[in-house]
There are 2 protein chains.
Amino acid sequence: MKPGYREIKDWIFARIESGEWKEADLIPSEPELVRQFGVARMTVNRAVRELTSEQVLTRVQGLGTFVAQPKYQSTLVEIKSIKDEIAARGHVHRAEVLILKQIASDGARAEELGLAPGEPLFHSRILHYEDELPVQLEDRWVVPAQAPDYLAQDFGTTTPNEYLVRAAPLQRVEYSIDARLPEAAVGKRLKMAAGEPCLRLHRRTWSRGAVASVADLWHAGSRYQFAGAF
Amino acid sequence: MKPGYREIKDWIFARIESGEWKEADLIPSEPELVRQFGVARMTVNRAVRELTSEQVLTRVQGLGTFVAQPKYQSTLVEIKSIKDEIAARGHVHRAEVLILKQIASDGARAEELGLAPGEPLFHSRILHYEDELPVQLEDRWVVPAQAPDYLAQDFGTTTPNEYLVRAAPLQRVEYSIDARLPEAAVGKRLKMAAGEPCLRLHRRTWSRGAVASVADLWHAGSRYQFAGAF
DNA sequence: GAGTGGTCTAGACCACAAT
DNA sequence: TTGTGGTCTAGACCACTCC
């Protein structure tokens with residue numbers, strides 16, 4: 001048996017789906033729904049409150065409850081940890097640390113990280129293998145103040161991501177995905193054919209109110225894609 | 001003044017954030033929180049229920065409430081309508097209809113659309129301009145049964161997307177993003193340099209329990225990226 | 001002032017899991 | 001049987017918006 005609040009949610013949702021109630025329409029008030037369904041106000045309230053948190057309705061105190069703007073026609077791409085992703089496919093993940101050292105921040109990178117040029121900066125370059133085939137080259141630059149022990153980690157077993165979410169709790173993420181030809185060194189490491197494009201994810205993370213790290217994730221175009229469904 | 005349920009939510013959340021309660025830990029029961037905060041059970045219940053719907057906690061009837069698995073380190077890319085996106089940048093969008101006709105479905109495409117080879121199929125190819133520079137070439141194949149009037153639309157003013165969300169309410173979406181060299185005709189239309197890669201979004205939509213359409217959105221790698229923040 | 005939503009109480013009965 | 005969460009009732013007081 002469906003609970004009462006569920007019954008009411010479905011009833012409201014059906015009215016919106018059918019087009020009977022359109023965007024910005026005023027829907028029946030709580031007391032009205034109470035009369036209609038013969039339940040307590042708390043039950044009606046829960047139904048309407050949940051639909052509001054699901055962005056199906058919007059409420060204004062003193063005014064009423066309205067049908068919300070229909071959701072964007074949007075596609076959500078979820079980029080998971082490369083390690084988990086490979087494991088989920090039932091394959092073996094291996095990481096090879098190519099670079100792990102402190103460098104001096106230069107002009108453009110310094111600006112992106114919020115550091116002054118010349119300030120120290122951690123840089124790692126890690127190649128991720130899926131069953132012995134390289135699939136991702138991960139360049140990462142980390143602000144030392146946010147993760148002082150970065151250079152002491154064993155990134156053969158823990159990914160920088162896994163370490164950073166603990167060391168510098170994520171506050172904000174900014175990202176972009178593009179298609180571009182790889183730098184020569186990148187193409188070589190990923191064993192890519194000449195002229196083959198890369199799918200690149202650029203990501204900047206914030207922690208404790210400041211930039212924590214910047215990462216470039218390079219993938220061979222012929223062997224990698226971001227995919228999903230909803 | 002913060003409402004009671006909010007107070008309790010924050011208190012629980014703080015305990016998880018600080019590490020005091022870790023993943024899969026059992027948290028105090030509802031009666032226990034009722035005693036602790038001196039409120040009615042409904043108030044505690046709302047706090048815990050909301051944290052559960054926010055995937056911070058998981059509950060098992062008869063067992064207890066536990067700290068949920070920490071959320072994935074994930075990146076969400078939202079791909080909006082190209083038209084809205086261009087408008088949001090304050091630029092002018094224009095669409096040029098290159099192809100709009102019925103064709104016979106062929107092998108691979110027929111299978112992807114759930115049609116028998118030879119069955120009729122609508123095909124459109126539209127070039128989207130941002131301030132007179134081509135930014136997206138949209139190839140779309142539509143199942144006639146799902147949108148019989150597809151060929152009669154004016155896709156210079158309405159995008160196929162806008163039409164389809166009305167004609168065939170979205171039920172499910174499957175997509176992938178990859179980097180690849182464009183077919184010759186595509187590269188030419190997008191005014192791309194030789195050897196320049198494309199950022200391609202492939203999307204399949206379902207409506208009324210069946211595949212409704214398949215789309216290939218091609219973007220010049222040098223002029224387009226999927227981006228966002230959260 | 002009348003109507004709306006926001007929140008809360010102090011009970012209640014039920015389903016489910018562990019013992 | 002005990003303890004857990006799932007749901008519900010019949011009230012209540014408050015803040016807000018509109019007339």
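DNA strand C is surrounded by 25 residues, the closest being R41(A), M42(A), G4(B), A40(B) and T43(B); a residue is near a strand if one of its heavy atoms lies within 4 Å of it. This is a predicted model, in which local features need pLDDT of at least 70 and side-chain atom pairs count only at pLDDT 80 or more, while totals for chains, interfaces and linings use all residues. Residues are numbered from 1 along each chain as its sequence is written, chains are lettered from A and ligands numbered from 1 in the order in which they are written, and side-chain values use heavy atoms, with hydrogens and water left out.

**Around DNA strand C**

- Sugar or phosphate accounts for 63% of the atoms of DNA strand C within 4 Å of the protein, and bases for the rest.
- R41(A) reaches a base: a polar side-chain atom of this residue lies 2.7 Å from a base nitrogen of DNA strand C.
- On the phosphate side, an N or O atom in the side chain of T43(B) is 2.6 Å from a phosphate oxygen of DNA strand C.
- The elements giving two or more residues to this surface are α2 (30–37), α3 (41–53), β2 (57–60) and β3 (64–67) of chain A, together with α1 (4–17) and α3 (41–53) of chain B; helices (H or I, at least four residues) and strands (E, at least two) are DSSP runs, numbered from the N terminus.
- With four residues, α3(B) supplies the largest share of the surface near DNA strand C.
- By class, that surface holds 10 nonpolar, 10 polar and five charged residues (Ala, Val, Leu, Ile, Met, Phe, Trp, Tyr, Cys and Pro count as nonpolar, Asp, Glu, Lys and Arg as charged, and the others, Gly among them, as polar).

**Around DNA strand D**

- Of the atoms of DNA strand D within 4 Å of the protein, 64% are in sugar or phosphate and the rest in bases.
- A polar side-chain atom of T43(A) sits 2.6 Å from a phosphate oxygen of DNA strand D, and an N or O atom in the side chain of T65(B) is 2.9 Å from a phosphate oxygen.
- G62(B) uses its backbone: one of its backbone N or O atoms lies 3.1 Å from a base nitrogen of DNA strand D.
- α3(A) gives the most to this surface, with four residues.

**Salt bridges**

- The whole structure has 26 salt bridges over all chains, each a side-chain nitrogen of Lys or Arg within 4 Å of a carboxyl oxygen of Asp or Glu.
- In chain B, the side chains of D216(B) and R200(B) form a salt bridge of 3.3 Å, N to O. D216(B) lies in strand β10 (residues 210–220) and R200(B) in strand β9 (residues 198–207) of chain B, so the pair ties together parts that are 16 residues apart in sequence.
- Both D216(B) and R200(B) are buried (under 20% relative accessible area; exposed is over 50% and partly exposed in between, with a 1.4 Å probe and protein chains only).
- R140(A) and E138(A) also pair, with their closest N and O atoms 2.8 Å apart, and both are buried.

**A buried loop residue**

- Q146(A) belongs to the loop between β7 (133–142) and α6 (160–167) of chain A, and its 7% relative accessibility counts as buried.
- Beyond its neighbours within four places in sequence, Q146(A) is in contact (heavy atoms within 4.5 Å) with residues including A167(A), S207(A) and V211(A).

Conventions: A polar contact is a pair of N or O atoms within 3.5 Å; within protein, one must be able to donate a hydrogen and the other to accept it, and residues adjacent in sequence count only if both atoms are side-chain atoms.
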